[in-house]
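Please open the structure in your viewer and keep the selection tool at hand. The tour below goes from stop to stop, saying what to select and what is there.

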Amino acid sequence: MPDHVRTADGRRLRVEVSGDPHGRPVFLLHGMPGSRVGPKPRSMFLHQRGARLISYDRPGYGGSDRMPRRRVADVAQDVADVADALGLDRFAVAGRSAGAPHALACAALLPDRVTRAAAMVGWAPRDAEGLDWYAGMAPSNVAALSTAASDPERFAAGIIPRSAAIRSNPARLLEELREDLTADDRLIVSDNTIRSMLLRNYREALRTSPYGWIDDALALTASWGFDPARIKVPVLLWHGKDDVFSPASHASWLADRIPRATAVLEPTSAHFAALRALPAVLDWLLTDARAN
């Protein structure tokens with residue numbers, strides 16, 4: 001199994017595969033900032049479920065080459081290139097946080113290959129009609145994402161030194177977020193195993209460059225390049241009601257527009273609870289799509 005895949009346009013993507021090497025394939029798309037080594041179920045769980053979990057660094061993160069001016073829609077070709085390199089025809093896709101819109105892009109643009117898709121604690125498009133996009137969002141996120149949308153150069157100028165500080169001390173990011181975390185989220189990120197995975201994830205994400213983070217934010221706040229309403233495959237939208245990083249109203253907006261969407265709203269959960277929900281989401285993804 002190669003640890004890098006070459007894309008059709010010549011870029012390198014760093015890839016990691018875990019679980020059952022002969023199991024049913026599921027792509028897991030990471031958050032922002034994030035990487036292929038982000039939180040995931042233990043290998044024993046994946047073997048028991050017969051799951052082959054495929055993660056890769058989005059362009060500009062970790063060991064993957066940057067793709068300037070990328071859109072959310074561009075993920076579909078990268079996932080297809082990784083799947084081709086692994087000899088995979090059909091697969092499921094899950095995305096958490098910033099990975100969620102990218103999972104929806106795969107569902108919309110690879111309808112003959114994606115069996116099911118799960119979008120966990122993600123966003124709706126910023127131009128979503130009838131949605132107050134920033135309502136219920138933490139002031140820190142409002143400031144960052146509104147700057148990314150209105151003044152990309154100023155946003156990048158702020159992220160470059162911030163990512164350098166987090167790279168040298170990944171715990172700094174959790175400390176920055178702490179004020180906005182609910183009690184439940186604080187409990188989750190204080191778990192030694194999860195905290196260790198998160199810190200390793202942040203360090204790897206920013207190891208070579210801040211541009212994965214910068215390009216993610218610019219892509220998420222610009223036109224995505226696809227319409228979620230055109231998704232035809234079954235989609236699970238999982239969200240915590242108390243999420244202030246990506247408010248639950250975004251999932252509700254998507255649920256009203258994606259024809260085969262199932263929405264799960266957890267009443268006492270917030271953003272990081274998606275890590276706790278991931279095993280159940282994987283079980284749903286591995287269910288035979290023909291039953292729908």
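This is a predicted model: local features need pLDDT of at least 70, side-chain atom pairs count only at pLDDT 80 or more; totals for chains, interfaces and linings use all residues.

Residues are numbered from 1 along each chain as its sequence is written, and side-chain values use heavy atoms, with hydrogens and water left out.

Now widen the selection to strand S3 (residues 24–29) and S5 (residues 91–96), which pair in the parallel sense over 4 bridges. Two strands count as paired if DSSP finds at least two bridges between them; strands (E, at least two residues) and helices (H or I, at least four) are DSSP runs, numbered from the N terminus. Of the 6 residues of S3, 5 are buried, where buried means under 20% relative accessible area, computed with a 1.4 Å probe on protein chains only.

Next select strand S4 (residues 51–56), which runs parallel to S3 and is joined to it by 4 bridges; Phe-27 stands opposite Ile-54 in S4.

Show the whole sheet next: it is open, with 8 strands in the order S1-S2-S4-S3-S5-S6-S7-S8 and mixed pairing. At its edges are strand S1 (4–6) and strand S8 (261–266), each pairing on one side only. From one strand to the next, the twist averages 25°. Helix H11 (residues 273–286) packs on this sheet, touching S3, S4, S5, S6 and S7, and its direction makes about 165° with that of S6; contact here means heavy atoms within 4.5 Å, and angles run from 0 to 180 degrees between N-to-C directions, with axes fitted to C-alpha atoms, for helices over the stretch in contact.

For the last stop, select helix H2 (residues 75–85) and helix H3 (residues 99–109), whose axes are 8 Å apart and meet at an angle of about 75°. H2 and H3 are therefore roughly perpendicular to each other, a term that covers 65 to 115 degrees. Which residues meet there? Val-75, Ala-76 and Val-79 in H2 meet His-102, Ala-105, Cys-106 and Leu-109 in H3.

Notes
Angles under 35 degrees count as roughly parallel, over 145 as roughly antiparallel, 65 to 115 as roughly perpendicular and the rest as oblique. Buried means under 20% relative accessible area, exposed over 50%, partly exposed in between (1.4 Å probe, protein chains only).
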